[in-house]
Amino acid sequence: MAAVPALLVMGVSGSGKSTVGALLASELGWKFYDADDYHPEENRAKMGKGIPLDDQDRIPWLCTLHDILLREVTSGQYVVLACSALKKVYRDILIRGKHGVPPKSDAPGKEGKPAEVQLLVVYLSGSFEVISGRLLKRKGHFMPSELLQSQFDTLEPPSDPENFIHISVDKSLPEIIAIIMEALK
Ligand SMILES: Nc1ncnc2c1ncn2[C@@H]1O[C@H](COP(=O)(O)OP(=O)(O)O)[C@@H](O)[C@H]1O
Ligand SMILES: O=C(O)[C@H](O)[C@@H](O)[C@H](O)[C@H](O)COP(=O)(O)O
């Protein structure tokens, strides 16, 4: 697999993004970002009330994360980002910023080639039962477990030609880290 300066650890709430992302960053000596830390207060309040986010809520947040990734990678910093990135278009935004947002049909074409972040996507997937079980046990987090069904409904698993690997959350954390480290060789 080609060397990449950025890893995106994605999946529904409770799939292990933050845990795996932080462990991986520490193992690799890369900088770690958790997308949850960049939600505006309105998004956190909305999720806290049990209302799922929509595209309008997520797109500015994803553009901010793209800007951070691009800044870091351009300065030579290797990064791990834990982010739900549930839809293909969300991952496109992380890679290309606002150029990843599909144009409205009446909008003029975009000029030039946007700066892209070369990402390897690590998709953590698991059953509703396993992940909801983990969320019910997780303490001190703003995301209510009732929102999990909407996360599964929104999820578009990565597919070709996206640059991704797929790992089951049924594996242990050391196994997951070992698979990712192997993929990076
Ligand atoms: N592979 C795993 N095996 C067992 N428990 C896990 C695994 N990955 C994560 N967990 C646990 O599941 C819960 C949810 O993980 P977390 O990293 O918070 O998920 P996310 O960031 O995707 O919402 C945490 O309590 C975490 O310790
Ligand atoms: O796009 C979204 O709807 C949110 O990013 C969501 O997917 C994310 O899961 C929450 O921020 C909760 O945080 P946890 O993923 O850590 O549960």
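Modeller: What follows describes the sheet, then a loop residue, then the ligand shell.

This is a predicted model, in which local features need pLDDT of at least 70 and side-chain atom pairs count only at pLDDT 80 or more, while totals for chains, interfaces and linings use all residues. Residues are numbered from 1 along each chain as its sequence is written, and chains are lettered from A and ligands numbered from 1 in the order in which they are written.

The sheet is open and has five strands, ordered β2-β3-β1-β4-β5 with parallel pairing. Strands here are DSSP runs of E with at least two residues, and helices are runs of H or I with at least four, numbered from the N terminus; two strands pair if DSSP finds at least two bridges between them. β2 (31-34) and β5 (164-168) each have a single partner strand, so one side of each lacks a neighbour in the sheet. β4 (residues 119-125) pairs with β5 in the parallel sense over five bridges. Within this pairing, Val 121 has Phe 164 of β5 as its bridge partner.

Lys 171 is found in the loop between β5 and α7. Lys 171 counts as partly exposed because it has 15 C-beta neighbours inside 10 Å (20 or more would be buried, 12 or fewer exposed, with C-beta atoms placed from the backbone).

The helix α7 (173-183) supplies at least two residues of the shell around ligand 1, as does α1 (17-28). α1 gives the most, with three residues.
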